[in-house]
Amino acid sequence: MSIPNTDPVQYKDQYYIDVADMDGTTGALAKTSSCEVSGTIMSIRFSPDGSYLYALSFNSVIQIFSVDASTGALADTGSIVATGLAPQDMVFDPTGSFAYVCCSNDSTLYSYSYDSATGLISQVS
């Protein structure tokens with residue numbers, strides 16, 4: 001099983017999300033790959049079906065990665081969605097149709113529609 005590390009690691013002014021394999025017997029983690037992210041990550045969340053990973057950056061963006069179902073490897077989709085100041089957390093509604101992002105610096109909750117086929121989120125007016 002591969003799981004992304006929730007704590008990004010900084011290398012020479014670059015930020016990454018590490019992906020690791022977990023030994024089912026011992027629980028030991030072994031890093032398998034890394035994906036560069038656009039800034040300091042405040043939180044990461046998976047889509048309801050686990051096909052996408054959302055990295056909420058302090059620089060007010062959400063970066064979207066696809067997740068390989070067999071290996072857990074992340075691939076940058078090239079999609080970056082603007083959001084409020086310092087996004088702290090993201091949750092999906094029970095139907096999986098909408099996502100909500102709370103931002104601490106502007107004390108606002110943002111609503112997004114979620115496209116499960118592409119992983120894209122679009123702000124709801």
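**Exercise 1.** Is Asp115 buried, partly exposed or exposed?

Solution. The model is predicted: local features need pLDDT of at least 70 and side-chain atom pairs pLDDT 80 or more, while totals for chains, interfaces and linings use all residues. Residues are numbered from 1 along each chain as its sequence is written, and side-chain values use heavy atoms, without hydrogens and water.

Step 1. Buried means under 20% relative accessible area, exposed over 50%, and partly exposed in between (1.4 Å probe, protein chains only).
Step 2. Asp115 has 35% relative accessibility, so Asp115 counts as partly exposed.
Step 3. Asp115 sits in the loop between S11 and strand S12 (121-123); strands are DSSP runs of E, at least two residues, numbered from the N terminus.
Step 4. Phe98 lies 17 residues from Asp115 in sequence, with 8.6 Å from C-alpha to C-alpha.

**Exercise 2.** Describe the largest nonpolar core.

Solution. Step 1. A nonpolar core is a set of buried Ala, Val, Leu, Ile, Met, Phe, Trp, Tyr and Cys residues joined through side-chain atoms within 4.5 Å.
Step 2. The largest one has 15 residues, and Ile62 and Tyr112 are among those with the most contacts inside it.
Step 3. Elements giving two or more residues to this core include strand S6 (52-57) and strand S7 (61-67).
Step 4. Another core, of 11 residues, lies apart from it and includes Val19 and Phe65.

**Exercise 3.** Count the disulfides and examine Cys102.

Solution. Step 1. A disulfide is a pair of cysteine sulfur atoms within 2.5 Å; the count is 0 disulfides.
Step 2. The closest cysteine sulfur to that of Cys102 is in Cys103, 6.8 Å away, too far for a bond.
Step 3. Cys102 is partly exposed at 34% relative accessible area, whereas Cys35 is buried at 10%.

Terms used. Helices (H or I, at least four residues) and strands (E, at least two) are DSSP runs, numbered from the N terminus.
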